[in-house]
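Please read the points below alongside the sequence and the coordinates. They are meant as a colleague's notes.

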Amino acid sequence: MARGRVPNSPELNEARGNPGKRSRKTPVVDLAPIAGIDAPKHMRAKARKYWAEVAGYITDSRIVRVSDRNVLARYCETLADYVKVTGSLDKQGHVYWTESAHGKMQRISPFFLVQERLAKRLQDMEDRLGLTPASRQQILLRMAANNAQPGLPLAPPVETEGVSGVEVASGAPPLSSDPLDFFAPASDTQH
């Protein structure tokens, strides 16, 4: 059970003129949905099929912007190639036999090597587009940091002034070059 008084709604505080004089949270800017944007004309039919499929759940994540259209197009093209190569690999197998002067030997299929390279490209693009849980979490953390309140230890500086070549937020203590100093108790404050 929560204790304490129930906080006023932001609308009520706005109507009262922000009586507590606390900083207001900035609203998250809406991103333009990519699902409403047509696929680029240069895309193949198979890649367009993946565009419709991928754009739907990317829009739900609200991470991808309209400016990411070409990256998404490359992802869909690569995904179409990956599916085609995987189909060929299923038909022919991962290895094949060849005969030389030294006898018979088994070799890796070229389709397997192509599939491996395409899988690596897809994985890289998935990380950039936020299509994996870990990459989505990192993107959301970065987005939250950009909208963070000033004055927090990890928030970006609002107003900067040069102090011995290091930029720090005005009013904030200068940051130490030692990363472990962050965890040391401040000597001038009493707890």
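1. Thr98 has its place in strand 1 (residues 95-100), where helices (H or I, at least four residues) and strands (E, at least two) are DSSP runs numbered from the N terminus. Thr98 is buried at a relative accessible area of 18%, buried being under 20%, exposed over 50% and partly exposed in between (1.4 Å probe, protein chains only). Leaving aside residues up to four places away in sequence, Thr98 touches Gly103, Lys104, Met105 and Arg107, a contact being heavy atoms within 4.5 Å.

2. This is a predicted model, in which local features need pLDDT of at least 70 and side-chain atom pairs count only at pLDDT 80 or more, whereas totals for chains, interfaces and linings use all residues. Residues are numbered from 1 along each chain as its sequence is written, and side-chain values use heavy atoms, with hydrogens and water left out.

3. Helix 3 (residues 69-92) has 24 residues and should span 34 Å at 1.5 Å a residue, and the 35 Å between its end C-alpha atoms agrees with this; the expected span is 1.5 Å times one less than the number of residues. Just after helix 3, Gly93 takes a positive phi of about 95 degrees.

4. The largest nonpolar core has 19 residues, and those with the most contacts inside it are Met43, Trp51, Leu72, Tyr75 and Cys76. Helix 2 (45-61), helix 3 and helix 4 (110-129) each supply at least two residues of this core, a nonpolar core being a set of buried Ala, Val, Leu, Ile, Met, Phe, Trp, Tyr and Cys residues joined through side-chain atoms within 4.5 Å. Beyond residues up to four places away in sequence, Tyr75 touches Val54, Leu122, Met125, Glu126, Leu129 and Leu131.

5. Three salt bridges are found in a search of the whole structure, each defined as a side-chain nitrogen of Lys or Arg within 4 Å of a carboxyl oxygen of Asp or Glu. The side chains of Glu77 and Arg44 meet in one of them (2.7 Å, N to O); this pair links distant parts of the chain, with Glu77 in helix 3 and Arg44 in the loop between helix 1 (10-16) and helix 2, 33 residues apart. Arg44 also meets Asp81 in a salt bridge (2.7 Å, N to O), and because Asp81 lies in helix 3, this pair ties together parts that are 37 residues apart in sequence.
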